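Notebook open, two chains to go through.

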Amino acid sequence: MYIIIIGGGQVGYFLAKALLDEGHELLVLEKDAARTAFICNELGSVCVRGDGCEMATLEEAGAGRADMFVAVTGDDEDNLVSCQAAKHKFNVPRTVARVNNPKNETIFRKMGIDVAISSTNIILENIEEEVPTHPITHLLDIQEQGLEIVEIKIPPHSTTIGKTVKELPLPAGNTLSLIIRGQQKPFVPDEDTVLEAEDQIVAITTPESEEALGTALRGS
Amino acid sequence: MKVVIMGCGRVGGRLAGLLDDEGHKVAILDLDDYSFRRLPPEFGGTALVGNGTDEDALKKAGIEKADAFIALTQGDNRNIMACQIAKHIFNVPRVLCRTYDPLRRELFGSLGIEAFSPTTIFAQMIKEQLLKEKPEAEKKAK
């Protein structure tokens with residue numbers, strides 16, 4: 001696969017290294033001369049100095065035959081514009097952009113960037129998981145459908161212990177997909193499954209209803 | 001007309017003054033409040049310190065009720081991104097964008113943003129001025 005990476009900072013450099021190891025053909029475009037020289041020294045001649053938002057530079061970089069385009073600079077506007085150029089001017093099938101300010105995720109999606117990755121959100125989620133009292137852990141976002149997969153743990157003295165799934169006031173459109181209980185084999189709950197303390201429940205929810213789901217499962 | 005302008009440079013400041021003078025309701029955003037020195041002393045609109053690519057700053061400037069949004073910062077990409085936010089998130093009816101790079105102007109023009117490239121316009125103007133015949137008065141003087 002031919003992959004073009006815009007931005008040779010920490011993210012761009014380590015991404016290039018990982019993708020080269022997997023045997024992909026790639027090119028990094030970096031504005032800074034010293035950084036370009038550093039990457040070429042470390043990884044071989046896979047880095048060219050240039051502005052990834054300039055159509056002429058992209059043309060020279062062979063954007064027309066790229067299978068994938070990844071913009072990982074520290075500036076959201078640069079990432080957005082270069083991905084749009086790749087998509088609309090060079091018809092690159094898959095564009096991926098790093099979003100630094102989580103607020104910009106919406107506009108990136110609206111403008112047709114295939115994947116918008118918010119580094120800030122990912123770090124937040126990872127730290128969230130480490131906070132033991134946090135009621136809901138985000139496992140995965142299913143962006144196209146506006147759904148998310150979360151994990152909720154039933155606290156030891158919850159009012160919902162001993163209740164069956166059908167007795168719980170689950171918000172509409174939410175599905176409990178898996179229960180992990182102690183050392184048992186994880187199982188798919190049905191409406192008669194009785195909740196126990198320390199159950200870990202994997203559920204499919206939406207950003208709007210996740211709080212209601214948390215309350216329904218953990219009691220008040 | 002309610003207009004939000006992003007970037008209070010020479011062009012932004014001057015445009016804000018002109019529109020304000022004609023009785024339009026103008027809000028102008030800039031990252032640095034020192035830039036507001038460029039506004040005429042009688043400017044009666046709103047000058048706000050804020051980033052025009054930030055939705056909250058745009059809301060403060062009244063983007064939700066604006067009839068037009070104009071991006072005039074030094075950065076082409078910043079201008080383009082702000083215009084796309086204004087157009088696609090806040091549904092501002094008219095969105096105008098300065099893009100120095102003619103190729104970027106072409107691309108984003110085709111994606112529905114009214115973009116102007118001062119590079120193209122100015123180069124053309126200078127060329128015409130240079131190559132047009134000298135005025136009669138000047139010829140006689142020689």
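I started with helix H1 (residues 10–21) of chain A, which lies across S1, strand S2 (25–30), S4 and strand S5 (94–99) of chain A. H1 runs at about 170 degrees to S2(A). For my own record, helices (H or I, at least four residues) and strands (E, at least two) are DSSP runs, numbered from the N terminus. Contact means that the C-beta atoms of two residues, placed from the backbone, lie within 7 Å. Axes are lines fitted to C-alpha atoms, for helices over the stretch in contact, and angles run from 0 to 180 degrees between N-to-C directions.

H4(A) also packs on the sheet, where I find it touching S1, S4 and S5 of chain A. The direction of H4(A) makes about 175 degrees with that of S5(A).

A note on provenance: this is a predicted model, in which local features need pLDDT of at least 70 and side-chain atom pairs count only at pLDDT 80 or more, while totals for chains, interfaces and linings use all residues. Residues are numbered from 1 along each chain as its sequence is written, and chains are lettered from A and ligands numbered from 1 in the order in which they are written.

Next, the sheet of chain A. I read an open sheet of six strands in the order S3-S2-S1-S4-S5-S6, with parallel pairing; strands pair if DSSP finds at least two bridges between them. Strand S3 (47–49) and strand S6 (115–118) of chain A are the edge strands, each pairing on one side only. Neighbouring strands here are turned by 20 degrees against each other on average, direction ignored. Strand S1 (residues 2–6) and strand S4 (residues 68–71) of chain A pair in the parallel sense over four bridges, and A:Ile3 has A:Met68 as its bridge partner in S4(A).

Then chain B. Its six strands also form an open sheet, in the order S3-S2-S1-S4-S5-S6 with parallel pairing. I checked some pairs: four bridges join strand S1 (residues 2–6) to strand S4 (residues 68–71) of chain B, with B:Val3 opposite B:Ala68 and B:Met6 partnered with B:Ala71. Four bridges also join S4(B) to strand S5 (residues 94–98) of chain B, where B:Ile70 stands opposite B:Leu96.

Where do the chains meet? The contact takes 16 residues from chain B and 16 residues from chain A. On the chain B side, helix H3 (76–88) and helix H4 (102–110) give two or more residues, and H3(B) gives the most, with seven residues.

Helix H4 (residues 76–88) of chain A and H3(B) pack at an angle of about 80 degrees, axes 8 Å apart. I therefore log H4(A) and H3(B) as roughly perpendicular (under 35 degrees is roughly parallel, over 145 roughly antiparallel, 65 to 115 roughly perpendicular, the rest oblique). Among the residues making this contact are A:Leu80 and A:Val81 of H4(A) and B:Ile80 and B:Met81 of H3(B).

Last, H3(B) itself: 12 of its 13 residues are buried, so H3(B) is largely enclosed by the rest of the structure. Buried means 20 or more other C-beta atoms within 10 Å of a residue's own, exposed 12 or fewer, partly exposed in between, with C-beta atoms placed from the backbone.
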